[in-house]
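Please open the model in your viewer and keep the sequence panel beside it. The stops below say what to select next and what can be found there.

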Amino acid sequence: MRNRATARFWISCVTASLLVTLSGGNLAQADTTDPTSTTAAPAAAETSTVDPAPTAAPTTAPAPAPAPTAAAPAPTAEPAPAAEAAPTFSPTVTSDKDDYAPGEKVTLTGAGWDPAGDAVHLSVIPGVDDPWSYETDVLVDSAGSFSDSFKLPPTYIPSYSVTATQNSSAGPLTATTTFTDADPPTGTGEIEQCANGPATPITSWTECNPKTWVKGNLTASKAHYLEGQSVPYRLKMTKLLPEGETPAVEHKVTIGYDTIKSGKHAIDYLT
């Protein structure tokens with residue numbers, strides 16, 4: 001009984017010692033060498049645990065993260081230069097007169113042509129069926145102009161058409177004009193006969209002089225030519241151009257006569 005009581009007491013003491021040790025926050029080691037001893041082992045010296053000093057916060061604020069760099073704008077493509085507009089031309093061709101006489105000199109002038117283009121080709125053709133024509137090439141000056149001269153044929157042609165063409169930097173160019181040929185000068189002629197005086201009475205032979213030249217038929221009151229004699233005639237022409245004057249126009253004279261007039265002999269032959 002004693003031993004059981006002793007054991008219960010020891011367990012109680014040990015339990016109390018543990019409770020005291022836990023409540024003090026220190027863990028005491030029990031003496032186990034003599035479990036029968038009632039004297040508690042001296043408590044171990046109390047030790048304190050010092051937390052390490054906190055690490056000082058850095059006094060310098062960390063550099064802010066660099067702001068994101070904006071992407072560089074894509075390079076803008078330079079606009080393509082506008083194509084140069086093709087040059088435009090307004091070509092003309094004109095004659096120095098609207099109307100010419102046969103054989104007269106014609107001067108054609110042009111303006112508004114391409115100075116960098118080919119030579120201008122001129123073509124002049126009659127307005128009627130005629131073999132005559134005029135073709136030539138003329139150079140254009142730096143101002144786009146040209147000039148050319150030629151002579152018309154000596155025969156009368158009512159009208160002419162002119163066509164001028166050029167291969168230019170803007171394409172084919174064309175200009176046209178027309179002019180007319182004046183009617184040739186109309187010469188007039190008058191036939192006159194020499195009146196040698198009346199037939200009755202025959203008093204004298206009258207020589208031809210400015211006063212004896214008459215128009216129309218010679219009658220007995222004007223002349224008394226005998227068989228076998230010759231009657232003088234003259235042709236007086238007016239409205240002709242002087243020699244050497246342009247244009248040189250050819251004039252023709254046609255002579256005709258009657259051998260019998262109203263059943264009577266008239267002029268037998270020419271002398």
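Begin by selecting strand S3, residues 105–111, together with S1: the two run antiparallel and are joined by four bridges. Strands here are DSSP runs of E with at least two residues, numbered from the N terminus, and two strands pair if DSSP finds at least two bridges between them. This is a predicted model, in which local features need pLDDT of at least 70 and side-chain atom pairs count only at pLDDT 80 or more, while totals for chains, interfaces and linings use all residues. Residues are numbered from 1 along each chain as its sequence is written, and side-chain values use heavy atoms, with hydrogens and water left out.

Within this pair, pick Thr92, and opposite this residue you will find Ala111 of S3. Staying on S1, colour its two faces separately: Val93 and Ser95 belong to the covered face, whereas Thr92 and Thr94 belong to the uncovered one. In a regular strand the side chains alternate between the two faces of the sheet.

Next, turn to another open sheet, whose five strands follow the order S2-S8-S7-S4-S5 with mixed pairing. Its edges are strand S2 (99–100) and strand S5 (134–138), each with a single partner strand, so one side of each is left without a neighbour in the sheet. Select S4, residues 120–126, with S5, and you will see an antiparallel pair held over five bridges, where Val124 has Tyr134 in S5 as its bridge partner.

For the last stop, select Gln193, Val231, Tyr233, Ala266 and Ile267, which lie nearest the centre of the largest pocket among its 36 lining residues. A pocket is an open set of points on a 1 Å grid over the protein atoms alone, where a 1.4 Å probe fits, with protein on both sides within 12 Å along at least five of seven lines, and lining residues have an atom within 4 Å of a point. Strand S11 gives the largest share of this lining, four residues.

Methods:
Buried means under 20% relative accessible area, exposed over 50%, partly exposed in between (1.4 Å probe, protein chains only).
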